[in-house]
Amino acid sequence: MQLKDQVALVTGGGSGLGLAIVERFVEEGARVAIFDRSQERIDDAVKAFGDKVVGIAGDVRKVDDNNRAVAECVSAFGKLDTFVGNAGIWDYSKTMVSTEDDELSSAFDEMFAINVKGYVLGAKAALPELYKTKGHMIFTASNAAFYPGGGGVLYTATKHAVVGMIKQMAHEFAPHVRVNGVAPGGIGGSNLAGTSALSQEGIKFSDIPLDDLMKQMLPLERAFNAREYAGAYAFFANRRDNTPGTGAVLNFDGGIGMRGFGSPNMGAELVAKFGAI
Ligand SMILES: NC(=O)c1ccc[n+]([C@@H]2O[C@H](COP(=O)([O-])OP(=O)(O)OC[C@H]3O[C@@H](n4cnc5c(N)ncnc54)[C@H](O)[C@@H]3O)[C@@H](O)[C@H]2O)c1
């Protein structure tokens, strides 16, 4: 029970990675406030986790909703130890060339408002409570925070911005509140939504053949599901294992950057030498 007596607030906690983080935190003994724009997903989570969670429906783009989420978390559980900024959207890798000028402008605003402003407003709302508990902020970045090709220019720019945001907050809030990030790769079981500005409401993340793609692209040769990513958040949220860390972003993506100029399967040499297992 790494998170016994801990209280967390998870944005986008109603689905995909956020929901897996909630599940893992509850399993580790925490109580968790779920802040999501989908009331239906919140209701499902409350049904699943009972009085270990509380749900707040709202939009991470709004100052008042962020403040209300923190206030309701503290009113339900008495404090806040960990703020997890996680709610995000994707641009489904739409290229700049194929995007009309006016769409590009509104999609930029939408993408940055959720993926970056939502994190900044959430952090600002959580800060006074985290200061009291000497707490921790954890933000979901992405492989797109480090490498091109994990989205279009808008998504990639927002996730690179998240890394800068983490470093600046770590700098400003030390030594009182620590700020770290996790940069997952493709997530099995995600419902990651596209932008309204690019009319991507009808596209489903689950239609992407993630397993096949990741098998070809990753040195670790498979896709990873949301639960496999959630342990990294439990690592950053517990109060024992991460004390030297602030301003760190964990690349947790199946080794995307580890192929370099080598052969697509360097591990084959191991199999040749030691035999298959
Ligand atoms: N899916 C992937 O392959 C992948 C890969 C790397 C990083 N990520 C990142 O992981 C995070 C979680 O994504 P996911 O894949 O679990 O997606 P998801 O859509 O399954 O879950 C995101 C949740 O955020 C909520 N949300 C979206 N906009 C919101 C808003 N404005 N206000 C409040 N809630 C809002 C949604 O309702 C949803 O429940 C995102 O930051 C995403 O960029 C995802």
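Arg239 is partly exposed in this predicted model, with a relative accessibility of 40%, and its side chain meets that of Asp81 in a salt bridge, N to O, at 2.9 Å. Arg239 is found in the loop between α7 (226-237) and β9 (249-252), while Asp81 sits in the loop between α3 and β4 (82-85), so this pair ties together parts that are 158 residues apart in sequence. Asp81, for its part, has a relative accessible area of 3% and is therefore buried, because buried means under 20%. Side chains of opposite charge can pair when their charged atoms come close.

Salt bridges that share partners also join Asp65, Arg68 and Glu72 into one network. Asp65 is buried, at a relative accessible area of 13%, whereas Arg68, at 32% relative accessibility, counts as partly exposed.

A further salt bridge links Asp59 with Arg61, and here the closest N and O atoms are 2.9 Å apart. Asp59 has 16% relative accessibility and so counts as buried, while Arg61, at 27%, counts as partly exposed. The salt bridges described here belong to a count that comes to 11.

Note on methods. Residues are numbered from 1 along each chain as its sequence is written. This is a predicted model: local features need pLDDT of at least 70, side-chain atom pairs count only at pLDDT 80 or more; totals for chains, interfaces and linings use all residues. Side-chain values use heavy atoms; hydrogens and water are left out. A salt bridge is a side-chain nitrogen of Lys or Arg within 4 Å of a carboxyl oxygen of Asp or Glu. Buried means under 20% relative accessible area, exposed over 50%, partly exposed in between (1.4 Å probe, protein chains only). Helices (H or I, at least four residues) and strands (E, at least two) are DSSP runs, numbered from the N terminus.
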